[in-house]
Amino acid sequence: MTVENFNKTKIKICGLRRREDILAVNEAKPDYCGFIIEFPKSIRSVTADEVRELVNDLSPDIQPVGVFVNAPMELVKALMDEGTLAMAQLHGQENESYITELKAHTDKPVIKAFSIKTADDMENALQSPADYILLDQGSGGTGKTFDWSLIPKFQDVEIRTVRQ
Ligand SMILES: O=C(O)c1ccccc1N[C@@H]1O[C@H](COP(=O)(O)O)[C@@H](O)[C@H]1O
């Protein structure tokens with residue numbers, strides 16, 4: 001079972017593209033770093049081969065997370081299976097069956113991002129089979145926040161322990 005330390009906020013630095021970015025995160029020592037993979041609409045997008053090369057220089061103490069937007073599942077699986085990625089963050093319209101199939105394939109955690117505009121969006125996110133949910137304003141990478149009052153109080157939410 002993975003025992004989560006809920007007392008410590010975890011830090012992820014995302015959108016790394018260059019070797020100097022990797023050297024900078026190695027100094028900063030976040031818990032995670034993220035790569036926007038094969039999503040050319042983002043200026044932060046990198047190819048699968050670029051991620052493979054970048055991860056070679058990453059400190060083993062930092063977990064590499066692949067951020068995908070409606071990517072073919074074979075690409076996500078391949079990068080996780082070969083050890084390039086420690087986690088996948090799904091930031092498109094990936095549905096429950098996509099998440100369930102990916103989770104059945106790998107022991108590595110899956111994060112699903114949700115765009116939160118209404119209380120129903122929040123309810124929907126809480127039902128996700130993903131290991132973690134990420135609450136976001138829109139399609140990702142905008143730096144904008146959503147209405148945080150839509151997040152239920154922690155005591156009203158059942159916090160599931162992942163990977164039992
Ligand atoms: O950063 C991007 O360009 C990006 C593109 C497409 C999907 C997700 C993207 N970034 C991820 O989105 C979340 C939230 O970012 P923000 O708060 O909206 O700036 C973040 O975890 C990035 O990994």
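How do the residues of the shell around the ligand divide into nonpolar, polar and charged? I looked this up and got 5 nonpolar, 9 polar and 2 charged. Nonpolar covers Ala, Val, Leu, Ile, Met, Phe, Trp, Tyr, Cys and Pro, charged covers Asp, Glu, Lys and Arg, and the others, Gly among them, are polar.

I note that this is a predicted model, where local features need pLDDT of at least 70, side-chain atom pairs count only at pLDDT 80 or more, and totals for chains, interfaces and linings use all residues. Residue numbers start from 1 along each chain as its sequence is written.

I checked confidence next. pLDDT (the predictor's confidence in each residue, from 0 to 100) averages 91 for the protein, and 90% of the residues score at least 70. For the complex, I read an ipTM of 0.95 and a pTM of 0.91.

I went back to the ligand. There are 16 residues around the ligand, counted when the C-beta atom, placed from the backbone, lies within 6 Å. C14, S42, H91, G140 and G141 come nearest.
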